[in-house]
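Here is a briefing on one protein model.

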Amino acid sequence: MTSPLPSISGLSDLATRYDAVLSDVWGVVHNGVEAFPGAVEALAGFRQAGGKVVFITNAPRPSGPIIDMLDRLGVHRGAYDAIVSSGDATRAMIAKYRGRAIHHVGPATEDDALYEGLDVHRTGADVAEVVVVTDLDTDDDTPEMYRERARLWLSRRLPMICANPDRVVEHGDKIIYCGGALGDLYAAMGGMVLMAGKPYQPIYEEAFRLAEQAAGRPLDKSRVLAIGDSVRTDATGAAQFGIDLLFVTGSIHAAELDAFGKPDPQTIADLVAPSRAHLAGFLPRLSW
C-alpha cells in the first residue's frame, strides 16, 4: 500500500457507502471487562440510519451465551441485528465425534455450552480421539507451557480443533494469549489443526447470510464493511471474503502503532498490507 489512508473521524463518515457491517466484538465493542460506549453507540447509529450489523466473533462459545455476556457488559441489543461465533462454526466440527472421546483444553466449565447436545465424552488425552481447544486454561498461561502436553497429542497423532483462532486479545489493560496461539504451537510441531472462525470463510458466509436476512434482500459485497482490530483474523478474513475493512488500531496493535498518540497512516497501511485488505480507514476506537 502506497497511497495514504483516508482520514475519518468516525463510522458516520463511511455510513452512506455501506448497507451492512460485519463487526468484530472483543477489542472493538468491549475489552472483556467493559463495553466501549462510543463503539456501541456507533453501531446503534449505523442501524438507526438504516444499516444492518452482524457481530462476527472468534469467541469459542455458541452465540447464545455470548449475547448474555454482551448484556452484562453493557452492549445493548440496539447495536446489532445478529451474531455468529467461532463456537457456532466449531460445533459442526465437533459433531463428527458424536459418541466418541475428546480432550478439552481451556477453562474447565466456562465452555460447557460448546458441547451441549453433541454427545461427546471429555477424557484425558491418552484415550481421546481429538483435542478441542477453546483457550488456554488460565489467562496467565503461555503457549510454551503446553509443549509437553502437545508432545503427547502429537505422539498419538491427535487432530486439534481450535475453537478460537485468535492468538491474543485485549483483556482490560492486558494482552492475553488465546487458543490460536496454542494452535500455532501445535502446527509448528507438526500437528494437524482445524479452525472454522475468522479468517476462514465459513464464519463469513454465515455472517453475510444473517446480514441479508436482517436486510430482507440480497446484499452487494461492495456495500458491506468489516470492522476489526486484528490483521491476522479481521483484515485477512475481510480480504479473502472480498469486503472493505475499517481497522481499529487501539487494541492488540495499539503499542506498535502509537494508536492514541500520533499514529502514522503509512505504518498502519504497511502493517495491514500483507493481508491484502482494502482499507476504508482507521480509528483508535470505533466511534460514530
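Predicted model: local features only at pLDDT ≥ 70, side-chain atom pairs only at ≥ 80, totals over all residues.

Residues are numbered from 1 along each chain as its sequence is written, and side-chain values use heavy atoms, with hydrogens and water left out. The structure holds two cavities of 30 Å³ or more. A search of the whole structure finds 15 salt bridges.

**Cavities**

- A cavity is a set of points, on a 1 Å grid over the protein atoms alone, where a 1.4 Å probe fits but cannot get out; lining residues have an atom within 4 Å of a point.
- Grid points are joined across faces, edges and corners, and a volume is the space filled by probe spheres set on the points.
- Helices (H or I, at least four residues) and strands (E, at least two) are DSSP runs, numbered from the N terminus.
- Strand 8 gives the most to the lining of the largest cavity, with three residues.
- The lining of the largest cavity comprises four nonpolar, four polar and six charged residues. Here Ala, Val, Leu, Ile, Met, Phe, Trp, Tyr, Cys and Pro count as nonpolar, Asp, Glu, Lys and Arg as charged, and the others, Gly among them, as polar.
- The second largest cavity holds about 40 Å³.
- L22, D24, I56, Y204, A226, I227, D234 and L245 line the second largest cavity.

**N164**

- N164 sits in the loop between strand 7 (160–162) and strand 8.
- N164 counts as buried, at 4% relative accessibility. Buried means under 20% relative accessible area, exposed over 50%, and partly exposed in between (1.4 Å probe, protein chains only).
- A polar atom of the N164 side chain lies 3.0 Å from the backbone nitrogen of D166.
- Leaving aside neighbours within four places in sequence, N164 is in contact (heavy atoms within 4.5 Å) with N58, P60, S86, V133, T134, D135, C178, G179 and G180.

**Salt bridges**

- Side chains of opposite charge can pair when their charged atoms come close. A salt bridge is a side-chain nitrogen of Lys or Arg within 4 Å of a carboxyl oxygen of Asp or Glu.
- E129 and R100 form one, with the closest N and O atoms 2.7 Å apart. E129 lies in the loop between strand 5 (121–122) and strand 6 (131–133), and R100 in the loop between helix 3 (86–94) and strand 4 (101–105), so the pair ties together parts that are 29 residues apart in sequence.
- E129 is partly exposed at 33% relative accessibility, and R100 is partly exposed at 33%.
- D184 pairs with R232 in a salt bridge, the closest N and O atoms being 2.9 Å apart. This pair links distant parts of the chain, with D184 in helix 5 (residues 179–188) and R232 in helix 7, 48 residues apart.
- D184 is partly exposed at 26%, and R232 is partly exposed at 23%.
- R209 and E206 meet in a salt bridge of 2.7 Å, N to O. They are three residues apart in helix 6 (residues 201–215), so about one helical turn separates R209 and E206.
- R209 is partly exposed at 40%, and E206 is partly exposed at 27%.
- A network of salt bridges links D19, R217 and R223.

**Backbone features**

- The peptide bond from K198 to P199 is cis, with omega near 10°. P199 lies in the loop between strand 10 (193–195) and helix 6.
- D258 is not a glycine, yet has a positive phi of about 50°. D258 lies in the loop between helix 8 (254–257) and helix 9 (265–272), and is partly exposed at 40%.
- R276, also not a glycine, has a positive phi of about 65°. R276 lies in the loop between helix 9 and strand 13 (279–283), and is exposed at 76%.

How values were computed: 1 Å grid on protein atoms, 1.4 Å probe; cavity = no way out; pocket = protein on both sides within 12 Å on 5 of 7 lines; lining within 4 Å. Polar contact = N/O pair within 3.5 Å; in protein donor to acceptor, adjacent residues only side chain to side chain.
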